[in-house]
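This report describes a single protein chain for a computational reader.

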Amino acid sequence: MTGAAGADEVLQRIEAGMDGLSPQLRRAARHLLDHPDRVPLVSMRRLADEAGVTPATFVRLAEKLGYGGFTELGALFRDRLAGGGDGRYADRSRRLQRLGAGDGAAGLVADFLAADRANLDRSLGADAAPALAAAAGAIVAARRVVVVGQRKCHTLGFFLAYALDLVRPGVALAGDAAGLLPDRLRDLGPGDVLIAATITRYARATRDAVVFAAGTGATVVVLTDDRDGPVAAYADHVLLLAHDGPGIFRSLTGGLALAQALVGLVAVGIGAAADDRVARAEAHLDGFRTLLDGPAQRPSIAHRGSRKDRSTSKPGAITGRQGRIDGG
């Protein structure tokens with residue numbers, strides 16, 4: 001048995017067998033019963049410190065329960081934290097309140113940090129490199145690239161479209177403003193790439209875009225959380241991201257790390273042409289004075305002077321002890 005049901009069964013077995021455990025195992029077991037949501041969020045060493053036992057005690061407890069080690073046992077609790085089935089936001093919100101009440105601000109922040117460290121390790125582990133390289137190769141060779149990211153995954157979609165547009169032409173974000181998402185997909189076909197980002201609970205519009213793109217012969221790249229999910233089945237390249245965490249919304253840290261790595265590999269694949277495009281983009285922004293450069297200088301507030309003094313100041317300028325800043 002796996003997932004949330006598996007973790008709940010383990011907790012029931014622990015509760016039923018407490019009397020047969022040694023004092024040290026009993027302390028570790030009691031900590032699991034009292035704090036099951038912390039198992040996937042913190043290291044085994046920290047969990048042991050909190051329980052007042054050695055890390056080896058948790059390993060022995062996992063083995064006594066029939067698992068090969070604590071990592072295998074912890075996977076059940078990770079699935080439980082993710083919400084098991086659809087992991088509704090209201091349930092996650094109530095769990096966050098329980099964690100916050102027990103840990104306080106410092107403990108909860110540490111939980112977020114530990115969870116995202118694990119998300120980064122799982123999203124960018126050794127198995128990720130071949131999939132990232134293959135997806136990047138498809139994007140480098142594409143005629144056009146269209147990116148879709150709905151709801152919470154709009155963050156991932158926007159970043160991918162913004163960053164890829166800096167290193168290669170023909171990149172567009174297919175948004176759904178005014179209900180125009182289907183229109184943005186109309187000309188997709190062989191030679192194009194659709195990149196879609198979606199995680200549990202999946203956006204229906206993203207799934208529909210992926211199904212449509214696959215039917216046109218376009219290459220489909222998805223950033224998602226389940227190789228057997230409703231979107232990955234239609235993809236040519238699947239980039240798996242981990243999103244565990246104590247928050248109401250699933251973490252996007254692993255997804256952003258995947259997106260950054262993907263853009264980096266695309267830039268390397270394009271080579272000098274990407275460098276030239278980035279340089280032209282920077283020059284274009286400089287022409288519009290889009291970005292602030294140089295050290296920040298906070299102007300001093302001018303001393304209150306006479307009406308005559310104020311009226312002779314240059315319009316559009318701020319004066320003070322640090323000099324004048326012309327309006328722009």
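The account below moves from the whole chain to individual residues.

The model is predicted; local features require pLDDT of at least 70 and side-chain atom pairs pLDDT 80 or more, while totals for chains, interfaces and linings use all residues. Residues are numbered from 1 along each chain as its sequence is written, and side-chain values use heavy atoms, without hydrogens and water.

The chain has 13 helices and 7 strands, taken as DSSP runs (helices H or I, at least four residues; strands E, at least two) numbered from the N terminus. Of its 328 residues, 39% are buried (under 20% relative accessible area; exposed is over 50%, partly exposed in between; 1.4 Å probe, protein chains only).

Asp225 occupies the loop between β4 (219-224) and β5 (237-240). Asp225 is buried yet has no salt bridge, and Arg250, the nearest side chain of opposite charge, is 5.4 Å away. A salt bridge requires a side-chain nitrogen of Lys or Arg within 4 Å of a carboxyl oxygen of Asp or Glu; Lys and Arg count as positive, Asp and Glu as negative, and His and the chain ends are not counted.

| Side-chain partner of Asp225 | Distance |
|---|---|
| Tyr202 | 2.8 Å |
| Thr224 | 3.4 Å |

Elsewhere, Phe158 is found in helix α8 (residues 154-167). Phe158 is partly exposed, with a relative accessible area of 47%.

Notes. Polar contact = N/O pair within 3.5 Å; in protein donor to acceptor, adjacent residues only side chain to side chain.
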